[in-house]
Amino acid sequence: MKKQSKFAALLVLLALLSGSLGACSPFDVGELAGQEDTQQDLVTVGFSQLGSESAWRTANTKSVQDALTTENGFFLLYDNARQLQDQQIKDLRSFISQRVDAIVFCPVEEEGWETVLGEAYEAGVPVIALDRNIATKNQSLLAAFLGEDMRTEGVNAGLWLEKTLQEEGRQDEDIRIAVLEGTEGSSAAEGRSEGFLAIASRNQNWHFAAQADAQFTRAKGREVMKRFLSEFDDIDVVVAQNDEMALGALEAIESAGRLYNEDGRKLILISFDGSREALEAVRDGEIDLDVECNPLSGPALRELIENILSGKSYEKVNYLPEQVFTRENVDEYLDSRAY
Ligand code: GZL
């Protein structure tokens, strides 16, 4: 498309320079011209990924890269912002200056995007929020959202715990809950907390003994859980807002010998994502519930971009299918787990 002519011209110029400097150019101008032609047929997408903090994130990045290939008609510019919102804002400005056809980003936090998204809007570049969403009143700043319904994930975790405690006859027992929260200000952490709280608030016997940001990482999950265990000797439930933190917490719990209390009652461990490694812990009776959060959004993202750019109708808000995993159903899904 029009935007690639500038990029292709640069390629031709570089090739001519390398030719005139006597360097052996890896391709002649003719070949480049061919590349220039194909370059112009590709849809250029700028993709700002928030980081690589979890198996979930790695699978999400791969899903996008596998869908937005040159064979599928895309030229993908990719950047990993390493959990830094300032870097993501720089990424978006760089994509705008390169006049890409569309921008996709996984916003590391909900707030702080109005200015740069306003610049994209003025430049006529549609922006899709992927995976996580932003908190803005001006919904025209985003062409669309494609991701997961984090609040429903939190509600599903709360409903499962409520049902499980009732089945165990513990609906009136004091239940002490520790929460390992994801990145502060992220829609994933906010949504899961809000959904779980909606159920917790109707169970007066549930008490939040401790909660802390463990940044969606295994190391922080282990570190924070170790601290919780040293401060509290009566935690009944741990809610980890992703598998990495749950697996880190499990290491700390098991090394402290606290997976079962002195009465032989198991500490209930709830997680989110549904990664293979965590589902193996569900199968082994260590994690009790894993609420799926689907990272494989590449194919749906490709269709959404094509619809936006071709003027076809499309949904502004798009959720991926998700379910919950327990010991009762995990075996039928474990082997086919893509991540
Ligand atoms: C959720 C996603 C979260 C995952 C974590 O959609 O943003 O970020 O639950 C990841 O594993 O770090």
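How far is an oxygen atom of the ligand from an N or O atom in the side chain of serine 54?

1. The distance at serine 54 is 3.1 Å. A polar contact here is a pair of N or O atoms within 3.5 Å. Please keep in mind that this is a predicted model, where local features need pLDDT of at least 70, side-chain atom pairs count only at pLDDT 80 or more, and totals for chains, interfaces and linings use all residues. Residues are numbered from 1 along each chain as its sequence is written, and side-chain values use heavy atoms, leaving out hydrogens and water.

2. Now look at two other side chains. For aspartate 131, an N or O atom of the side chain is 2.3 Å from an oxygen atom of the ligand. Arginine 192 has a polar side-chain atom 2.9 Å from a ligand oxygen. The protein buries 100% of the 320 Å² that the ligand exposes when taken alone (Shrake-Rupley method, 1.4 Å probe).

3. Around the ligand there are 14 residues (a heavy atom within 4 Å), and Glu53, Asp131, Arg132, Arg192 and Asp273 come nearest. Seven of the shell residues are charged, five nonpolar and two polar (Gly counts as polar).

4. Where do these residues come from? Helix H3 (55-67) and helix H7 (187-200) each give the shell at least two residues (helices are DSSP runs, H or I, of at least four residues). Domain 1 (42-147 + 295-321) and domain 2 (150-293) each provide at least three, with bounds from an automatic or database domain assignment.

Key: A polar contact is a pair of N or O atoms within 3.5 Å; within protein, one must be able to donate a hydrogen and the other to accept it, and residues adjacent in sequence count only if both atoms are side-chain atoms.
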